[in-house]
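Notebook open, model on screen.

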Amino acid sequence: MEVIRSQKKATSAAASSNGGSTLPLYRSAPTLEVRLEEFERFAVDRLVVLRGISDGLARGKKPDEMEKLVGDLWKANMRHPQALEAINKDIISHFVLRLVYCRSEELRKWFLSMEGTLFRYRFRLENSDVHLALMTELGIPYKVVSQKEFEELRDKLNQVARSVSQPLPTPNGLYKVSFEEVPELVASRKVFIQKGYAYVALNQVVSFVVPHFRSHLSKALVLTNRKWTSMIREQEKDRLTPIVEALATSYQGPDYCQDKEFGEVSLKDIDQVARTSFPLCMQHLFNTLRDDHHLKHGGRMQLGLFLKGVGLKLDDALAFWKAEFSQKVGAERFDKEYAYSIRHNYGKEGKRTDYTPYSCQKIILSTPGVGDHHGCPYRHFSEENLRAALGKMGVSSRALDDVIEKAKSRHYQLACTLTFEALHNSSCDAGINHPNQYFSDSQKILKEKCYVVQYWSNVEMDLNSEHEETYETKEKQCMHQDGCSTRLKIAKLNTAPLSWKLKQ
């Protein structure tokens, strides 16, 4: 990366003024020269960190689990062999994502929350000198408690510390701030208050530093949005604007252009795999197409590229869409108005671009209009319609409530992940990030279960009647690919692995 020399000195000086901290406050944009590919790559790396934090929070991870998660994500994505370059990457990536996420209220709210959480856990890793330097730079009024004052309040401080299972703070690690600065600590009764001051231990200062950081960032995002809309977007329309607008919906993972693991999906199998392995967004589009024999452009693109990704060949895709649309618009009109776009999606027309299926992020951020059926049901459905759709899929009432709760909290991908886990009775720790990932993971699970059923169906061995009493009967429940449940009773010899017999 090309960096102006004077900025290197400025960055180094800033680190020194913060007690040697590598945690910037992002108060002003850096004067750095950055190649376009690094401009995008740095932002993508930071976006992986922020999305990982979002997923951890949505899953309800505990503070110690979140601290480890943030540390692992930062180490894996934001480290650099040279310390100065790591700081520059941190600063550049933050300001690039400011441009990306300043453009709407919803984007600003998400970015503010994730950056605030990231700052919180990074701040906790710094030492007391850095804490004080950052507090000073943020303009937070505080006083260090003197030894004399500490001794006078020792008993009361000790009572508060014991009530929250914390050790008594040391004189050098205790600060006085206005109680209005720490509403979170006051509400949870974690600080001693006297004469309008809250006595905050060193391990609690994050509670009033983070709100100041968030307040500054919130104002900065609004100002950045004004600059973006009034000047930057137009000036950089041929260079930066396409990158910035694409980053908000960027997906880092397999493109699922064609299913390489499970091969082709034929027309005769498509209804079966739709029932068992399509995510809700694609099931809704598929069923609407079957019922209405028509989808608007957004729905055709979302479902068509998904079907391409699961392995539906071009000839089969043309036959599938024609069979449905011809019932409403006629075969001749279909050939004239719709067949071209299908061939175009497969890279056979126009620029011959091999288009990839939509990711969850792209689908969530879409804006369906009246009569449209594309988009993310967890975001765009009413609660009543979402409950009905999930019930039709077979989600249990207990799991359904959890899914609805996550959807209400705007954790749409986690809601989809919980749906997947409920239907497949299997965990999905990586989360669902792409409809074709949902399909691929579903097929893996169902094929494994079908293998178990087939394996035990082929086991035929005799049991010795004189040892009949030494067998214990166990049940093993497996799932066929068509979704039907089969109970397999396995008689197992306890005394020696001599024989097995399957009792159906």
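Predicted model: local features only at pLDDT ≥ 70, side-chain atom pairs only at ≥ 80, totals over all residues.

I started with disulfides, counting a pair of cysteine sulfur atoms within 2.5 Å as one. By that rule I get zero disulfides. C376 is in none, and the nearest cysteine sulfur, that of C281, sits 6.7 Å away. For C428 the closest cysteine sulfur is in C416, at 8.8 Å, which is too far for a bond.

Residues are numbered from 1 along each chain as its sequence is written, and side-chain values use heavy atoms, with hydrogens and water left out.

Are those two cysteines, C376 and C428, buried or exposed? I used relative accessible area with a 1.4 Å probe and protein chains only: buried is under 20%, exposed is over 50%, and partly exposed is in between. C376 has 9% relative accessibility, so I put it down as buried. C428 comes out at 6%, so it is buried as well.

Next, the whole chain. Buried residues are 45% of its 504 residues. I count 22 helices and seven strands, taken as DSSP runs numbered from the N terminus (helices are H or I with at least four residues, strands are E with at least two). For contacts I took heavy atoms within 4.5 Å. Of the chain's contacts with a separation of 6 or more, 67% are between residues 24 or more positions apart.

Then I looked at a sheet. What is the strand order in the open sheet of four strands? The order reads β1-β2-β4-β3, with antiparallel pairing; two strands pair if DSSP finds at least two bridges between them. The edge strands are β1 (143–144) and β3, each pairing on one side only.

I walked across the sheet from β1. Two bridges join β1 to β2, and V144 is opposite Y175 of β2. Strand β2 (residues 174–178) pairs with β4 over five bridges, antiparallel. Here Y175 turns up again, opposite V200 in β4. Strand β3 (residues 192–194) is antiparallel to β4 and joined to it by three bridges, with F192 partnered by Y199. β3 and β4 make a hairpin with two residues between them, and K195 in that turn has a positive phi of about 55 degrees. Strand β4 (residues 197–201) is mostly covered, with four of its five residues buried.

Last stop, a helix pair. Helix α3 (residues 63–77) packs on helix α5 (residues 105–124) at about 95 degrees, with the axes 10 Å apart. That angle makes α3 roughly perpendicular to α5, a class that covers 65 to 115 degrees (under 35 is roughly parallel, over 145 roughly antiparallel, the rest oblique). From α3 the contact uses P63, M66, E67, V70 and W74, and from α5 it uses T117, L118, Y121, R122 and R124. By class I noted six nonpolar, one polar and three charged residues.

I also checked N77, which is in α3. At 17% relative accessibility, N77 counts as buried. Leaving out residues up to four places away in sequence, N77 touches D45, V48, V49 and K89.

Terms used:
Axes fitted to C-alpha atoms, helices over the stretch in contact; angles between N-to-C directions. Nonpolar A, V, L, I, M, F, W, Y, C, P; charged D, E, K, R; others polar.
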